[in-house]
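User: Hi! Could you walk me through a few spots in this protein, one question at a time?

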Amino acid sequence: MNIKSGLIAAIAFVCAALNAFSPNAEAQAKDRFVYGVPSVISSAVANFTFAEELGYFDQERIELEMIPLPGSGVTIPQLLSGQIQSTGASLEPLVIARAPGQKNFPLIFVYNYLRNSVWEFAVLDSSPIKSIADLKGKTIGIPSLTAGNVYMTMAILKSQGVAAEDVTIQPVGFGVQAFEALRTKQIDMLNLWDSMHQALEMSGTKIRRLPMPKEFEGISSHGFSVTQKLLRENPDLIARFGRAVTKGSIACEANPDGCLAAFWKRYPEQRPRNGTEDEIKRREMSVMMSRLVNITSFRPGDSPLYGAYTDRDWTALINALKLGKQLPADLNIPLDTLYTNQLVPEFNRFDRDAVIAQAKSYR
């Protein structure tokens, strides 16, 4: 190698090294983000996988990992220990934590995810139970004693004249074991969530959902909670995660077929085996859509900003928990200790029309 060629090679090496450590290269590095799913992985999270398929997490420089966890209560220690960065948690545990004598967890909700409550009261279609008031003396099946909805369920019962001592609460898990508990009448009512009840119905079991009292309609049930430390130290990470999820939800609504296909591509083992292609797709689509409608639900007059809470989401819950004697009647909980809308503008900072167009072109 002569001096000239050697000099050129050296310059090229230095340039490559500088490029490797340039701000632009650093900007391409992805942040790992672990999201705790407070149940099993199912098509209820298809909007996440569609966001992955369409490149929305890549655009936000996020490497997403989703892990299933058995209930919202279990997610709290995972958040506090830093094992997960966020989760789709039910709201009740954090409100309860703000009561005197409770562990005042340093968590906060940053994204209103399930804008309409997913929790339902399901009975067999042949059951004589017609209303929540009819549950007096009955057995209610819940996912687990750590499930976040237990508090609200007891408050709803109380509002209809059914005291805690008037019912038997029985943990039955979810999926097949919970379905069998209802089918074989080990329990009188199943208190699971939208997509799980839809799966039960699509498996051939005829069920009815009991009417929800008016005061409990249209209230958020789940959101993305994070530690106050993460919000304080890295709000940009949360904003990027929430923006990718928002895009995925809008895309899934624009192209449900593509959304479901992307879910099966990511989790092929979740694709049912029994039935014709049309039967399988029809059943699973109904399950996915039962969740999606609660993600994309906006009350009349609400600004269509994904992730945004209203005070009503929290005051209605607090009043319900007081009614159910889960909180002292005179307790005042500052709402800014429970949630913040500070990142909502970032969650919605993108071209929706472009997202919809991209989703509709996906095959």
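User: Which side chain does the side chain of S286 make a polar contact with?

Analyst: This is a predicted model, where local features need pLDDT of at least 70 and side-chain atom pairs count only at pLDDT 80 or more, while totals for chains, interfaces and linings use all residues. Residues are numbered from 1 along each chain as its sequence is written, and side-chain values use heavy atoms, with hydrogens and water left out. S286 sits in helix α13 (helices are DSSP runs of H or I, at least four residues, and strands are runs of E, at least two, numbered from the N terminus). A polar contact is a pair of N or O atoms within 3.5 Å; within protein, one must be able to donate a hydrogen and the other to accept it, and residues adjacent in sequence count only if both atoms are side-chain atoms. At 3.4 Å, the partner of S286 is the side chain of Q198.

User: How far apart in space are S286 and S195?

Analyst: Along the sequence, 91 residues separate S286 and S195. In space, C-alpha to C-alpha, the distance between S286 and S195 is 8.3 Å.

User: Which residues of helix α9 are buried?

Analyst: Buried means under 20% relative accessible area, with exposed over 50% and partly exposed in between (1.4 Å probe, protein chains only). The cover over the buried residues of α9 includes β5, α8, β8, β9 and α13, where covering rests on contact, heavy atoms within 4.5 Å. Helix α9 spans residues 194-202, and its buried residues are D194, S195, M196, H197, Q198 and L200.

User: Why is the disulfide of C252 and C259 left-handed?

Analyst: A disulfide is a pair of cysteine sulfur atoms within 2.5 Å. The sulfur atoms of C252 and C259 are 2.1 Å apart, and both residues are buried. The disulfide is left-handed because the torsion about its S-S bond is about -95°.

User: What is the angle between helices α11 and α13?

Analyst: Axes are lines fitted to C-alpha atoms, for helices over the stretch in contact, and angles run from 0 to 180 degrees between N-to-C directions. The axes of α11 and α13 are 11 Å apart, and the packing angle is about 125°.

User: What word describes how α11 and α13 lie to each other?

Analyst: Angles under 35 degrees count as roughly parallel, over 145 as roughly antiparallel, 65 to 115 as roughly perpendicular and the rest as oblique. With an angle of about 125°, α11 and α13 are therefore oblique.
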